[in-house]
Amino acid sequence: MAFAFVTSLTVGFSAHHAMAFRWSGHRCRSALSAMAADAANTGHSPAWYEQGLNFSCTKCGNCCTGPTGFVWFSEAEGHAMAARLGLSHEAFLDKYARRVRTRGLLKTWRAWALKEVPSDRGLSCVLLDKNGHCSVYTDRPKQCTTYPIWPEHIESREAWAALAEDCPGAAKGTGDRYLPERIAAVLAEMDAYWATIEAEEERRRHGPG
């Protein structure tokens, strides 16, 4: 699942481990994020993807299943997913979401995440339908829409190759072109997104004031 991975990042992981990294939940405020931001400002980029990366989602569902993890979502995203499924926000949270400890992945103690259900590949996002397709694809969380432009997948050529073993959208070598400037923008967008979720959690804890 576009899960937030809960153990430390390693380099040179196998194809099996690529599934786990798929839903890594590292915040994008990383050294790599700073490198990408610098690329946008100076015209320089990490040499290995200086010519850009190709990716287009094939809706295969591979990134939505595998080892346990987290798909965080904001309050606005919760409302959007609920509306997509014809549910009230409260009914959506009760049926499809869970309050979980963030284990340091976010700068807040707890946050909303999508539930997991058992599947033949381990655990799957609760919003996958019987055909393995996302039932809220148009309104899926930003953590999902920005995949696989995550720090752990783009830190090296080897990391991207490991991802591609299980992700046909990255393996094809065709599709949308992500130049360094676009990659930097995605990472910055995710920084802002995590901050939004953290601010929402603070308001829940302490009130709007």
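Which residues do ring pairs link into a cluster? Phe55, Tyr147 and Trp150. Some notes on the rest follow.

1. Ground rules. This is a predicted model, where local features need pLDDT of at least 70, side-chain atom pairs count only at pLDDT 80 or more, and totals for chains, interfaces and linings use all residues. Residues are numbered from 1 along each chain as its sequence is written, and side-chain values use heavy atoms, with hydrogens and water left out.

2. Aromatic pairs. Rings of Phe, Tyr and Trp (its six-membered ring) pair if their centres lie within 6.5 Å; planes under 30 degrees apart are stacked, over 60 edge-to-face, and the rest tilted. That rule gives seven aromatic pairs. In one of them, tryptophan 48 and tyrosine 49 have ring centres 5.4 Å apart and planes at 85°, so this pair is edge-to-face. Buried here means under 20% relative accessible area, exposed over 50%, and partly exposed in between (1.4 Å probe, protein chains only). Tryptophan 48 is buried at 18%, and tyrosine 49 is buried at 0%.

3. Helices (H or I, at least four residues) and strands (E, at least two) are DSSP runs, numbered from the N terminus. Phenylalanine 55 belongs to strand β1 (residues 53-55), while tyrosine 147 is in the loop between α5 (142-145) and α6 (151-154), so the pair links distant parts of the chain, 92 residues apart. Phenylalanine 55 is buried at 7% relative accessible area, and tyrosine 147 is buried at 4%.

4. Charges over rings. The test is NZ of Lys or CZ of Arg within 6 Å of the ring centre and within 35 degrees of the ring normal. Arginine 99 has its charged end over the ring of tryptophan 112, 5.3 Å from the centre. Arginine 140 lies over the face of tyrosine 137, at 3.7 Å from the ring centre.

5. The sheet. Strands pair if DSSP finds at least two bridges between them. Three strands make an open sheet in the order β2-β6-β5, with antiparallel pairing. At the edges, β2 (65-66) and β5 (116-119) each have a single partner strand, so one side of each lacks a neighbour in the sheet. Four bridges join β5 to β6 (residues 122-125).

6. The core. A nonpolar core is a set of buried Ala, Val, Leu, Ile, Met, Phe, Trp, Tyr and Cys residues joined through side-chain atoms within 4.5 Å. The largest has 46 residues, and Trp72, Phe73, Phe92, Leu127, Ile154 and Trp160 touch the most other members. α9 gives the most to this core, with seven residues.
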